[in-house]
Amino acid sequence: MRKTITLLFILSGTWLLLSGHTSPLLLSLGLLSVTAVVACVSRLEVLDDEGVPVHLLPGLIRYVPWLIGQVIRSNLDVARRIVSPELPIHPSVVKVDATHHTEVGRVTYANSITLTPGTISLDVSAETIEVHALTEDAANDLMSGEMARRVQRAEGA
Amino acid sequence: MSAVLDILSAVLLLVGTLFTLIGGTGLLRLPDVFTRLHGASITDTLGAGAILLGLALAAGWSLLMGKLLALLLIMALLSPSTAHALARAAIHGIRKPWLDEAQK
């Protein structure tokens, strides 16, 4: 029931944001379509932790600022390498452990790896994530496990 | 106050343009599909991010700002998914990553 109400609010907010209409007719039509969507979704029985993952929000609020910092840092590093005349890159493929994460945590981890320039997740399995790294520094950074620890903390909250 | 916001937004737009340009340069200069994805992710993150933030500042407190910030969130969720799909398709296809001499 809590998930239903949460989804109702999220969808109504999205509808208001994207349409910007406030006339009573359009508002009631919007509410009608939002209710119809929530009814369909709850009949499909996907109103669970995976479909409406609001329980992850507190953890993510602490994780995302750190991730943004990392993304900016590695952006500057990769950009510097691209514009440098010698093109100082040392690509490698490494494997990082992913056994300590839940399914959502693994997805968050793999997506964070890809979002950060310099590392891309190639293949994700239940045990490991295969990562293509542009430089040794990027690979070593990842192997230090800092990101893995922070993702774990975020999903545990 | 609005002059400060204007300058900040202009700076963000310039930074975003610069990084988009660098990302494009990376696409041209880097040797294979995997390394090129690293270049493209610069365009996706700092390039698009700074441009959208700059536009949101220029829009001021309005619905438009909300839409631009929502776009930022969508970009942050979509771009790693597409990059991963590309990389996975490449590694399961015939592509062998171009590796450093020392690691061959």
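1. A residue is called buried here if 20 or more other C-beta atoms lie within 10 Å of its own. By that count, buried residues make up 28% of the 157 residues in chain A. The model is a predicted one.

2. Chain A has six helices and three strands, arranged along the sequence as α-α-α-β-α-β-β-α-α. Its radius of gyration is 20 Å, well over the 15 Å that the globule rule gives for 157 residues, so chain A is more spread out than a compact globule. Along the principal axes, the C-alpha atoms of chain A fill a box of roughly 65 × 35 × 25 Å.

3. The three strands of chain A make an open antiparallel sheet in the order 1-3-2. Strand 1 (92–97) and strand 2 (119–124) are at the edges with a single partner strand each, so one side of each has no neighbour in the sheet. On average, neighbouring strands are turned by 30 degrees against each other, direction ignored.

4. Five bridges join strand 2 of chain A to strand 3 (residues 128–133) of chain A in the antiparallel sense. Val124(A) stands opposite Ile129(A) of strand 3. Helix 4 (residues 103–115) of chain A packs on the sheet and touches strand 2 and strand 3, its direction making about 145 degrees with that of strand 2.

5. Helix 3 (residues 63–92) of chain B has 30 residues and reaches 43 Å from its first C-alpha to its last, close to the expected 44 Å. Its buried residues are Pro80(B), Ala83(B), His84(B) and Ala87(B). Residues three or four places apart in an α-helix point the same way, because there are 3.6 residues a turn. The buried residues of helix 3 of chain B pack against helix 4, strand 2 and strand 3 of chain A, together with helix 2 (33–59) of chain B.

Notes. Residues are numbered from 1 along each chain as its sequence is written. Chains are lettered from A and ligands numbered from 1 in the order in which they are written. This is a predicted model: local features need pLDDT of at least 70, side-chain atom pairs count only at pLDDT 80 or more; totals for chains, interfaces and linings use all residues. Two strands pair if DSSP finds at least two bridges between them. Helices (H or I, at least four residues) and strands (E, at least two) are DSSP runs, numbered from the N terminus. Axes are lines fitted to C-alpha atoms, for helices over the stretch in contact, and angles run from 0 to 180 degrees between N-to-C directions. Two residues are in contact if their C-beta atoms, placed from the backbone, lie within 7 Å. The expected span of a helix is 1.5 Å times one less than its number of residues. A residue is buried if 20 or more other C-beta atoms lie within 10 Å of its own, exposed if 12 or fewer, and partly exposed in between; C-beta atoms are placed from the backbone. The radius of gyration is taken over C-alpha atoms; the globule rule is 2.2 Å times the number of residues to the power 0.38.
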